[in-house]
Amino acid sequence: MKRSKILRRWFARKFGFARLMCLALLIGFAGLRLWDPPPIQELRLRTFDMFQLIDPRHKAARPVTIVDIDDKSLARLGQWPWPRTRIADMILNLSNLGAVAIGFDVVFSEPDRLNPDIVASQMRYLDDVTRARLRELPSNDQILSDAIKRSRVVLGETGQPVATSEIDKTLPFTGVATVGEEGADHFLYAFPGLLRNVPVIETSAAGRGLFTIKTERDGLIRRVPMIMRAQGNIMPSLSLEILRVVTSTPTLLVRTDKTGIRAIRLKGLEIPTDRNGQLWVHYARQDPSIYVSAADILDNNVSPGRISGKLVLIGTSAVGLNDIKTTPVSSTMPGVEIHAQVLESVLSGAVISQPNYALGVELLAALIIGLLVIIFTPNFGPVRLVLAGAMFAAILVGVSWFFYARYRYLIDFTYPLLSTTAIYLTLIFASFVREQRQRVQIRGMFAQYMSPVLVEQLALAPEKLVLGGEEREMTIMFSDVRGFTTISETYKHDPQGLTALMNRFLTPLTNVIIEQKGYIDKYMGDAIMAFWNAPLDDTQHEINACEAAIRMLEQIELVNKEREQEAAEGGHVYIPLNVGIGLNTGMGVVGNMGSDRKFNYSVLGDSVNLASRLEGQSKEYGFPIIVGSRTALAAKDKFAILELDFIMVKGKTEPEVIYAIAGREDVMHSAAFQRLRNITIEMLGCYRGRDWPGALAAIARGRASEDADTLEKLFKLYETRIKDFQLNPPPDDWSGAYALLTK
């Protein structure tokens, strides 16, 4: 055991704990990449988006035309959906113009509402002869079906979040076969439901495909599923089915391995996909030239060259039909153009993909560069460190870009860059820690004599070793334990116990003040003086001070419960600790106070004196927390504030309105507090207006209400004053202020 400990120490000295930590980071980042959580995925995807923005696909040919149900068509021909007879006319016109195949990015899931039999049933004022003749006419759906039979048409279908009805198994499905070690089913994106076209139309088509497009987590469409499961059936996408139809492929072949789907084969084509059967779309910039208005097709107002020999997609760019998508190259691309981009990419061979070895390349790059950084970085100076970091980053970005620009492979550089950067920063941090440790040793020599805050100030700015200070607004706190002398007498034969008791309650009170951004000025026996908004700025100093006061009472309550239980178990007398707290906000001079040889960071001023006086009055008014008017004004929306008195502090010429803090915001909104507050306001109003009977009546009502115990001391105090004023009325110029007799 001793030998292994010595060996570890020797290894740590030679190799360094920082390097060991970096090796652990290297392994951890490799595990993170294998796990591949969403944040890592999104970082990688954003990188691939940047590549496409910099170098999008360049169109050498335009094999696809989009017949656009655009705003012009809707204005000309009326709202969508149009009668199926109009769709049939569109198909016939496109076929006559030489379209190779026609794909629909829409679904005809319900019978045409303008079918003659439906019109005959719905029209109220038709005579029987006309109604009968309408029912004899062929349906619009049948007319569309006949037009589809005379053309090469691929119908669109869509996946649904829920299964709506039983699938009609008699309707045709595209044949799909799997080649490889694993079946494709459990890798595919699955939709619980499937929405198909009405049977009379469905059976006439040359093919059927899903036009459903799945967005990424951030709403962008980077990958399009080429094959999916919908209500238990494996189905191709609309674009894949169009390719199958035009290549006369009877059955789609899905190539798989243990990691998932690798590619989909058609006659003369192999389309690489990710493990879930999705194609990375190699986007080109939006191309208005491939759009033809549906109205122009119906009017035969299109040159044959726009349609002849083309794959035609029928969809919409109209904003009202809500088929606008976001892609890496465009924030407003119609969904139908995404299908067109897929067809163009596949037919032109300009397909991007992630090769099987992409993950291995990323892991190997992270390992090699990470080890180089771990070995050489600690020996470099600052300039060489920066140059080395820039060089490694350039290599990673350059290699990734090379694979994309040359081979259209997506190799992620963000993971190895992230891993290397973390290692790089860890080594720099370790160097920083070593330097800080040396500074701490120096500071430790002085910390025995000065407060840690002052030591830190002196370490950063030695010129502060002078007397003087600055004037700034602060909130000052004084706290003291009530009746501590009585408690001390019980420890007269146990001074160590008294010290332990003081540490026991001063420690949590101190922690609360510090946690609320306060600064402990000094301890005076069982009392604490603290202030806020110095030496560091605190824009919420009044709120933080009030919150600290409430939390201090809560801590004292916890200490009292523990002491009470200990007293019961030990059989000795239990005397509770009760704390009084005074808070006041005002201007004060803060800085290093004392002599040239010994000084302390402290605050002076009238606001400090008033805070001390308010703490002393907490026992008189029956509230443990008493605050000055400026503190109360700043905290009135966060705490239950109760006005107590208008006092003239001994030694001051200006009177001050003082308040009590009765609790937090929940207490402020409680019905009980509102009742007590209203009674107090009424009592004070009568008192200051010399309406002694009214004030006494308000006190009587207050005592009769719930929670009156809280105000009993306050009621007695005013009751005594009123009785005295009834015997000895105040002078005519009395303002309602009460002069305190004690400091």
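**Chatting through a predicted model**

Trainee: Is valine 100 buried, exposed or partly exposed?

Mentor: Valine 100 is partly exposed, because its relative accessible area is 30%, which falls between the cut-offs of 20% for buried and 50% for exposed. Keep in mind that this is a predicted model.

Trainee: Where does valine 100 lie?

Mentor: You'll find valine 100 in the loop that links α5 (84-96) with β2 (101-104).

Trainee: And which residues does valine 100 touch?

Mentor: Leaving out residues up to four places away in sequence, valine 100 touches Arg152, Val246, Gly309, Lys310 and Leu311.

Trainee: What about isoleucine 148, how many Å separate its C-alpha from that of valine 100?

Mentor: The two C-alpha atoms are 13 Å apart, and the residues sit 48 places apart along the chain.

Trainee: New topic! How much space lies in the largest pocket?

Mentor: About 870 Å³. Its lining has 29 residues, and Asp36, Arg44, Arg223, Arg275 and Gln354 lie nearest the centre.

Trainee: Which element gives the largest share of that lining?

Mentor: That's α3, with 4 residues. At least two residues each come from α2 (17-35), α3 (38-54), β14 (278-280) and α13 (358-376).

Trainee: What does the lining look like by class?

Mentor: There are 14 charged, 8 polar and 7 nonpolar residues.

Trainee: Last one, the strands. How many bridges pair β25 with β26?

Mentor: 8 bridges, with β25 (residues 639-648) and β26 antiparallel. Within β26, tyrosine 659 stands opposite glutamate 643.

Trainee: And which way do β24 and β26 run, parallel or antiparallel?

Mentor: Antiparallel, with 2 bridges joining β24 (residues 625-627) to β26 (residues 656-664). Isoleucine 626 has alanine 660 in β26 as its bridge partner.

How values were computed. Residues numbered from 1 in each chain as written. Predicted model: local features only at pLDDT ≥ 70, side-chain atom pairs only at ≥ 80, totals over all residues. Heavy atoms only, no water. Pairing = 2+ DSSP bridges. Buried < 20%, exposed > 50% of the residue type's maximum accessible area, 1.4 Å probe, protein only. Contact = heavy atoms within 4.5 Å. 1 Å grid on protein atoms, 1.4 Å probe; cavity = no way out; pocket = protein on both sides within 12 Å on 5 of 7 lines; lining within 4 Å. Points joined across faces, edges and corners; volume = space filled by probe spheres on them. Nonpolar A, V, L, I, M, F, W, Y, C, P; charged D, E, K, R; others polar.
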